[in-house]
Amino acid sequence: MSSDNLEKAQAEGKYIRKVRSFVKREGRLTKGQAAALERSWPTMGLTHNQGLLNLTEVFGREAPTVLEIGFGMGRSLVAMAKAAPEKNFIGIEVHRPGVGACLLEAEAAEVSNLRVYEHDAVEVLADCIADGSLATVQVFFPDPWHKKRHHKRRLIQPEFVDLLRKKLAIGGVLHLATDWQNYAEHMLEVMQAAPQWRNLSADNTYVPRPEERPLTKFEQRGERLGHGVWDLKFERIA
Ligand SMILES: C[S@@+](CC[C@H](N)C(=O)[O-])C[C@H]1O[C@@H](n2cnc3c(N)ncnc32)[C@H](O)[C@@H]1O
């Protein structure tokens, strides 16, 4: 966007995101991923330019909806969708091979309660998800952006969690997990300062690893390296 257009959009009050939480990698699709995208995108793919979603139409039923941001290769998302057929699942990921891998996995698991976006979650949340429509939002092992000068790229920031709160129904839960202690502390600080949330932790810090969260590749790697894992759960109270 030219600087003139950017200024005009800002003057009109449009939401322009300048700092992204990811750097688009040009990963190659495997044959299997490409084939799964071809086969299953028509039934499972959602696009940002479809605009606001009607969840009842998309899933053909009324059911609680879980949204996962940055699902990576989709392993844990598919496992969760398989384990909870009574719920709807929506995954958002920017990395195309990850989306292909997720569809491949979903085909093998024969899940029909899962839809995916290949797009920036910030834009999908703002433009496609109705306020108050989600039961759960989960963000597992988001990129930690280790260097201090990159911390502004971290997904979990006050403005973003407020957007997430609006998309959750009252009583809905935001579930975060990370294996990077400094990011865990940052998440806790952001969530404790954010209004209208209740920490579901008994001691107002982290929750024990919840049963419904399958082990991800990143967590297994962290375990091998002797890292800890921190889970946070906050409920929208207003
Ligand atoms: C460190 S990986 C973790 C993947 C997965 N959750 C896991 O635990 O294995 C973080 C993922 O978030 C994705 N991501 C980062 N920012 C995103 C955004 N704004 N919208 C959608 N996906 C994003 C990245 O492409 C990457 O695949």
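**View 1. Surroundings of V137 in the predicted model.** Beyond its neighbours within four places in sequence, V137 is in contact (heavy atoms within 4.5 Å) with L67, I69, L164, L168, V173, L174 and H175. The model is predicted, with local features needing pLDDT of at least 70 and side-chain atom pairs counting only at pLDDT 80 or more, while totals for chains, interfaces and linings use all residues. Residues are numbered from 1 along each chain as its sequence is written, and side-chain values use heavy atoms, leaving out hydrogens and water.

**View 2. The nonpolar cores.** A nonpolar core is a set of buried Ala, Val, Leu, Ile, Met, Phe, Trp, Tyr and Cys residues joined through side-chain atoms within 4.5 Å; buried means under 20% relative accessible area, with a 1.4 Å probe and protein chains only. The largest such core has 37 residues, and L67, I69, V137 and L174 have the most contacts inside it. Apart from it lies another core of 22 residues, including L37, A106, A109 and V111.

**View 3. Helices α2 and α5.** Helices are DSSP runs (H or I, at least four residues) numbered from the N terminus. The axes of α2 (residues 31-44) and α5 (residues 96-109) come within 8 Å and cross at roughly 75 degrees. The two helices are therefore roughly perpendicular, a term covering 65 to 115 degrees. Axes are lines fitted to C-alpha atoms over the stretch in contact, with angles from 0 to 180 degrees between N-to-C directions.

**View 4. P97 in α5.** P97 lies in helix α5 and counts as buried because its relative accessibility is 6%. Leaving aside neighbours within four places in sequence, P97 is in contact with G27, R28, L29 and Q33.

Technical notes: Buried means under 20% relative accessible area, exposed over 50%, partly exposed in between (1.4 Å probe, protein chains only). Angles under 35 degrees count as roughly parallel, over 145 as roughly antiparallel, 65 to 115 as roughly perpendicular and the rest as oblique.
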